[in-house]
Amino acid sequence: MAQTYVAITSPGLEDLLLEELRKMKIKRPKKIEGGVEFEATSRGFYEVLLWSRIAHRVMLRVTEFRARDQRECYKKTRRFEWERLFGEGANVAIRGVVHSSYIYGSGALSKSVMDGIRDRYAFDKSNIKGPFLEQTERGRSSEDQLMLLARCEEDRCELSLEGSSGSMHRRGWRKCTGSAPLRESIAAAMLQAIDWDPATEPLLDPMCGSGTILIEAMRKSLSMLPRLDDHDYGVCAWDNFKPEQFEKLQSLHPQKTIEGLKVIGRDQDAEVLKCAGENAKRAGVKDFVRFEHVAFADGQPPEDGPRGWIVSNPPYGERIEDGEILRELGEGLRERFKGWNVALLLSEKQRPPRIGSVWKERLVFRNGGLNVKLWVGQVPE
Ligand SMILES: C[S@@+](CC[C@H](N)C(=O)[O-])C[C@H]1O[C@@H](n2cnc3c(N)ncnc32)[C@H](O)[C@@H]1O
């Protein structure tokens, strides 16, 4: 039976997520603010959960209603047929999120939802044993716990069951980072937004930090799952979970090999490069990516090979010395990287460096509380 699900991403990345879901042959995906709503059977839902590189969370939409205050939210929650969703012995954590709502705070919201569900069983369906319920401001406290997210914006409330467990940008391989790591899902979005061909074009991140962009690029090019196999998915605790179907979908895309794949990470910080190497090893791509301790000013294009892509997120320019980096980048690109394609993620305050041709604003989105832009250009010959 098809049900309604929602995949959440950073505001501004909805179109890329839509494109990703369409490639998975998800029927009628619909763009909403900060995500994509879609109808699917368990198969489609599991595929999105396992294979989406851009979604931060994927949830089953349980019910939605209008509520102007806690009382109305409680009443409408109590009206819903929770007994269809929570079998005997279910253990459910409830997290509230409010935005410009008359419901006063996330704790008040999760309490009204918790009271509504409890009273549904206590008074309306007293012949059925209700679930164990608890309010939380964090994630699940155990692997057998279900996570119900209540979100109210103005008077619109949505209750959803989280199929992921926490944010899916955590892939499991990044245990070590520098001071400003990029979310893995954002790196995946940057890569999806450009036309890099892994078989013919080298990929270079000259300020690679903990290696996020390159490791994401490798795992995608080799058709590896975005997350490591032992990733914790909330859906495994659902009553109707189908482990065989889920497992089968984990090997939906057999791992590929690509002749001539050339991926290079450089950074001026030796410590962070050590992290990058360890992350690449955990991610199973250590043999495909080369890390070099080189400052941008000293770096040449890798050997004589074909021109490729520079994809990077330089420091966001909060400090004076960071501003200098873009000038240095512009000079270095013009002098040494003629003909190369460049994609740079910059904060909205930063202008892309002068490279002698026009930059295109490929993406504009929110990242970690900042407005950022992905600029794409080509250094003239
Ligand atoms: C925003 S961080 C990159 C984060 C990275 N994408 C990640 O996910 O870990 C910027 C990186 O640029 C490096 N960097 C700054 N100036 C540099 C330069 N002139 N040459 C090489 N690397 C530089 C810093 O050491 C830092 O690791």
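Author: Two residues are in contact if their C-beta atoms, placed from the backbone, lie within 7 Å. The model discussed here is a predicted one.

Reader: How many nonpolar residues does the contact of H3 with H4 have?

Author: The axes of H3 and H4 cross at roughly 35°, and the crossing is right-handed. Sorted by class, the contact has four polar and four charged residues, and its nonpolar residues number six.

Reader: Which strands does helix H4 lie across?

Author: Helix H4 spans residues 106-124 and runs at about 140° to S5.

Reader: Which strands are the edge strands of the open sheet of eight strands?

Author: The eight strands follow the order S2-S3-S1-S4-S8-S7-S5-S6, and their pairing is mixed. From one strand to the next, the twist averages 30°. An edge strand here pairs on one side only, and this applies to S2 (30-32) and S6 (132-135).

Reader: In which sense, parallel or antiparallel, do S1 and S3 pair?

Author: In the sheet order, S1 stands between S3 and S4. Residues 3-8 form S1 and residues 35-40 form S3; six bridges join the two strands. Thr4 stands opposite Glu39 in S3. The sense of the pairing between S1 and S3 is antiparallel.

Reader: Which residue in S4 does Tyr5 stand opposite?

Author: S1 pairs with S4 (residues 57-66) in the antiparallel sense over four bridges. On its S3 side, Tyr5 stands opposite Phe38. In S4, the residue opposite Tyr5 is Leu60.

Reader: Why is one side of S11 and of S14 left without a neighbour in the sheet?

Author: The order of the seven-strand open sheet is S11-S10-S9-S12-S13-S15-S14, with mixed pairing. S11 (289-293) and S14 (360-367) stand at its edges, so the strands that each of them pairs with come to a single partner.

Reader: Which residue in S10 stands opposite Leu203?

Author: Strand S9 (residues 203-205) and strand S10 (residues 263-267) pair over three bridges in the parallel sense. Across this pairing, the residue in S10 opposite Leu203 is Val263.

Reader: How are H5 and H6 oriented to each other, roughly parallel or roughly perpendicular?

Author: H5 comprises residues 184-192 and H6 residues 212-221, and their axes lie 9 Å apart. Their crossing is right-handed. Angles of 65 to 115 degrees count as roughly perpendicular. The packing angle is about 65°, and therefore the relation of H5 to H6 is roughly perpendicular.

Reader: Which residues in H6 are met by residues in H5?

Author: The contact of H5 with H6 divides into six nonpolar, one polar and three charged residues. H5 contributes Glu184, Ala187, Ala188, Met190 and Leu191. On the side of H6 are Thr212, Ile213, Glu216, Ala217 and Lys220.

Reader: Which residues are the closest to the ligand?

Author: A shell of 22 residues surrounds the ligand. By class, this shell has 13 nonpolar, seven polar and two charged residues. The closest are Leu182, Met207, Gly209, Ser210 and Thr212.

Definitions and conventions
Residues numbered from 1 in each chain as written. Predicted model: local features only at pLDDT ≥ 70, side-chain atom pairs only at ≥ 80, totals over all residues. Pairing = 2+ DSSP bridges. Near = placed C-beta within 6 Å. Nonpolar A, V, L, I, M, F, W, Y, C, P; charged D, E, K, R; others polar. Axes fitted to C-alpha atoms, helices over the stretch in contact; angles between N-to-C directions. Parallel < 35°, antiparallel > 145°, perpendicular 65-115°, else oblique. Left-handed = near helix turned anticlockwise from the far one by under 90°.
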